[in-house]
Amino acid sequence: MTPVDAAVRAEIQRRGPIPFSEVVEQALYAPDGGFYASGGRAGRRGDFLTSPEVGPLFGVVVAGALDAWWDQAGRPAVFPVVEAGAGPGTLARAVLAAEPRCAPALRYVLVERSAAQRDLHAEHLALEPPGSAFASLPDPDDDNTRAVGPPPAGPILVSLPDLPRLRGSCVVLAN
Ligand SMILES: C[S@@+](CC[C@H](N)C(=O)[O-])C[C@H]1O[C@@H](n2cnc3c(N)ncnc32)[C@H](O)[C@@H]1O
């Protein structure tokens with residue numbers, strides 16, 4: 001019996017039937033044996049294959065979509081893109097490798113709840129402190145904040161465990 005099996009079994013014995021969501025939570029994220037906590041991941045050398053992991057084409061297509069949405073938005077100087085469930089960061093790498101026109105405005109936020117996977121972001125991406133991605137955006141808790149000076153040139157990449165609170169428009173990607 002694995003530690004996750006034992007933990008789920010003990011919880012059911014203690015409480016009776018438990019929600020399936022709690023079983024999945026344990027199976028994926030339990031510090032002792034959860035799939036992602038134990039290094040499970042997408043990728044050719046990982047456990048399952050997703051579109052970003054097949055090759056660079058998916059990232060090229062997403063980069064093209066980002067440019068189209070940036071154009072539609074009037075090419076703002078700061079263009080936040082939030083990737084929810086970013087895994088090891090492969091899509092972010094492919095998007096940047098495609099050199100989208102919006103790159104100087106790009107604030108690319110990788111959101112990944114697994115610490116083991118977040119650790120992989122820094123291996124191939126030049127991450128910056130989270131504040132730097134949002135410094136030139138209005139504070140969502142303060143109606144009076146205004147950006148001071150021109151925003152720094154992007155792309156600026158940050159890695160977070162949870163979705164950020166942002167004011168204004170942004171793109172949210174999830175694969
Ligand atoms: C199936 S993997 C896909 C990874 C990547 N998007 C890809 O396409 O290769 C789903 C990822 O979403 C993450 N995830 C699931 N729920 C999440 C949440 N609430 N917040 C942040 N990340 C989450 C998981 O930890 C996992 O790394």
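1. Glu25 is partly exposed, with a relative accessible area of 33%, where buried means under 20% relative accessible area, exposed means over 50%, and partly exposed lies in between, with a 1.4 Å probe and protein chains only. Its partner Arg113 is likewise partly exposed, at 44%, and Glu25 forms a salt bridge with Arg113 whose closest N and O atoms are 2.6 Å apart. The pair links distant parts of the chain, for Glu25 sits in helix 2 (residues 20-29) and Arg113 in the loop between strand 2 (106-111) and helix 6 (115-124), 88 residues apart. A salt bridge here is a side-chain nitrogen of Lys or Arg within 4 Å of a carboxyl oxygen of Asp or Glu; helices (H or I, at least four residues) and strands (E, at least two) are DSSP runs numbered from the N terminus.

2. A word on the basis of these values: this is a predicted model, in which local features need pLDDT of at least 70 and side-chain atom pairs count only at pLDDT 80 or more, while totals for chains, interfaces and linings use all residues. Residues are numbered from 1 along each chain as its sequence is written, and side-chain values use heavy atoms, with hydrogens and water left out.

3. The structure holds 6 salt bridges, and one of them joins Arg15 to Glu11, with the closest N and O atoms 3.0 Å apart. Both residues belong to helix 1 (residues 3-15), where they stand 4 residues apart, about one turn of the helix. Arg15 is partly exposed at 38% relative accessibility, and Glu11 is partly exposed at 22%.

4. Asp71 and Arg75 form another salt bridge, their closest N and O atoms lying 2.9 Å apart. Asp71 is partly exposed, with a relative accessible area of 29%, whereas Arg75 counts as exposed at 51%. Elsewhere, salt bridges that share partners join Glu11, Arg14, Arg15 and Glu22 into one network.

5. Which residues are closest to the ligand? Of the 13 residues that surround the ligand, the closest are Tyr29, Thr50, Gly85, Glu112 and Gln117, a residue being counted if one of its heavy atoms lies within 4 Å of the molecule. A polar side-chain atom of Thr50 lies 2.5 Å from an oxygen atom of the ligand, and a polar side-chain atom of Gln117 lies 2.6 Å from a ligand oxygen. Gly85 takes part through its backbone, with an N or O atom 2.7 Å from a nitrogen atom of the ligand. Taken alone, the ligand exposes 590 Å², and the protein buries 72% of that, the areas coming from the Shrake-Rupley method with a 1.4 Å probe.

6. As for the build of the chain, there are 7 helices and 4 strands, and from the N terminus on the elements run α-α-α-α-β-α-β-α-α-β-β. The C-alpha atoms fill a box of roughly 60 × 40 × 25 Å along the principal axes, and of the 175 residues 34% count as buried.

7. Is Leu160 buried or exposed? Leu160, which has its place in strand 3 (residues 156-160), counts as buried at 11% relative accessibility. From C-alpha to C-alpha, Leu160 and Gly39 are 18 Å apart in space, and they are 121 residues apart in sequence.

Technical notes
Polar contact = N/O pair within 3.5 Å; in protein donor to acceptor, adjacent residues only side chain to side chain.
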